[in-house]
Every structure is written in structure tokens, then in C-alpha cells.
Amino acid sequence: MAREVRAFAVTVLTLATLGAAAGLLWSGLTPRAPYQVVGQGEPVLADPTTQALIAADGWFAVITGGLGLVCGGVAWFIARRWMLPVLLGLCAGGVLAAFLTLWIGSSVTIGAVTVEAAVAANAAPGVSIVPGALELTARGVLVCWPLLAVGFFALLEGMHGYRESPLRQPYGIEPGGIEPGGPHTGVWR
């Protein structure tokens, strides 16, 4: 029992660590929507037709989905002995990693000045255009990591199980590939 709990905990903690790194990657790669500081320091979207808001969702899905596939594959190859705890760890750790990616990526700004920093620096209203903070507009991308990790793990296990299954042999043919009744007897069945 202790080994199963340890396998679960190691899986969750590993994915949480990867989630923190993914948050930094998401913050560094994603383009930011331009905001204009107007009036009393209120930020307003400078270009309402910008695709940067959608790009943030896309980059989040690509980064977390790719890491989910990698985690699912690596977990399947490493954890052949403790399948269920590792699978549950992939699910719980994937959810935790996705939320850590969102939190760290939204909090840390790599290579960009946020709207709040521009307002704090007494930016001139109506003149300053600054990149905004990252945020997700499509919350559904939060399930990319756990869904792809668990799905790829299950796919690999299913393929492995089918390869070793007796159901793989066609009906009426013995495992050696010889039909019952010997090789060609010349009789049509």
C-alpha cells in the first residue's frame, strides 16, 4: 500500500513541477493583447480585433497538451508495476499542473510590462499602449493536460493488452497459424 501511495505522490509532484515550468514557458511565448491607458488609469483593449486573446488560449492548449502526451507516455513506460496509482496521479497531477500553469503564467510576466505596471509608473493617459496580462478566455483548455495524459496512457495500455490477447488470433486458426485439420487437405469447408 505504501508503494502505491508513493507512486501516486511522485506522479502528482512531478506533474506539479512541470506545471510551474509550463507556466513560465506560456508566459514567455504567448503574445499579449495591447491595452491603452485612458482616463483615470483605466486599461481598455487598444485593438478589439486582436487575435492575441485567442493566441493565449492556443498556446496554453499546445503547451499543456504536449506535456500531457509526454507525461502519459513516460508514465506508461516507467510505471508498469503500479498502473492504477500512476494513472490516478496523472489525472490529479494533470489538473494541478494545468492550474499551476495558469496561475504562474498569469502572475509572472516574462518580457512584458503589464497594464498595472504602466499605470503605477504614471503613464500618460491616452498615449501609452502596453501589453496586458495573460488570461484564458476559453476555460475548457484547462483539461488538455489531464485528458491527453490519461488518454495516451490508456491508448498505450490498450495496444499492449491487445498485442498479448488471445482475441488477436482469427477464429478457427491455432496460434501457430495452422488451420484445424492440418495444412491443405483439399477439402472446401
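These entries record what I looked up in the predicted model.

**Entry 1. Overall make-up**

I began with the secondary structure, which comes to five helices and three strands. Read from the N terminus, I noted the order of elements as α-β-β-α-α-α-β-α. I then checked burial and found that 33% of the 189 residues of the chain count as buried. For contacts with a sequence separation of 6 or more, I recorded that 79% join residues 24 or more positions apart.

**Entry 2. Helix 1 against helix 2**

I next looked up how helix 1 (residues 2–29) packs on helix 2 (residues 52–78). The angle is about 150°, and the axes lie 10 Å apart. Angles over 145 degrees count as roughly antiparallel, and the two helices are therefore roughly antiparallel to each other. I noted the crossing of helix 1 past helix 2 as right-handed. Helix 1 makes the contact through Leu 15, Leu 18, Ala 22, Leu 25, Trp 26 and Leu 29. On the side of helix 2, I listed Ala 56, Trp 59, Phe 60, Ile 63, Leu 67 and Cys 71. Sorted by type, the residues of this contact are 12 nonpolar, no polar and no charged.

**Entry 3. The largest nonpolar core**

I turned to the largest nonpolar core, which has 26 residues. The members that touch the most others are Trp 26, Phe 60, Leu 90, Leu 136, Trp 145 and Phe 153. I found that helix 1, helix 2, helix 3 (83–107) and helix 5 (144–163) each give two or more residues to this core.

I followed one of these members, Phe 153, in more detail. Not counting residues up to four places away in sequence, Phe 153 touches Gly 72, Ala 75, Trp 76, Met 83, Val 86, Leu 87 and Leu 90.

**Entry 4. Ala 75**

I looked up Ala 75 and placed this residue in helix 2. Its relative accessibility is 12%; the limit for buried is under 20%, so Ala 75 counts as buried. With neighbours within four places in sequence left aside, Ala 75 is in contact with Val 86, Leu 90 and Phe 153. I also noted the C-alpha to C-alpha distance from Ala 75 to Thr 11, which is 8.2 Å across 64 residues of sequence.

**Entry 5. His 160**

Is His 160 buried or exposed? I located His 160 in helix 5. His 160 has a relative accessible area of 15% and is therefore buried. Leaving aside neighbours within four places in sequence, I recorded contacts of His 160 with Trp 76 and Arg 80.

Terms used
Residues numbered from 1 in each chain as written. Predicted model: local features only at pLDDT ≥ 70, side-chain atom pairs only at ≥ 80, totals over all residues. Heavy atoms only, no water. Axes fitted to C-alpha atoms, helices over the stretch in contact; angles between N-to-C directions. Helix = DSSP H or I, 4+ residues; strand = E, 2+ residues; numbered from the N terminus. Parallel < 35°, antiparallel > 145°, perpendicular 65-115°, else oblique. Left-handed = near helix turned anticlockwise from the far one by under 90°. Contact = heavy atoms within 4.5 Å. Nonpolar A, V, L, I, M, F, W, Y, C, P; charged D, E, K, R; others polar. Core = buried A, V, L, I, M, F, W, Y, C linked by side-chain atoms within 4.5 Å. Buried < 20%, exposed > 50% of the residue type's maximum accessible area, 1.4 Å probe, protein only.
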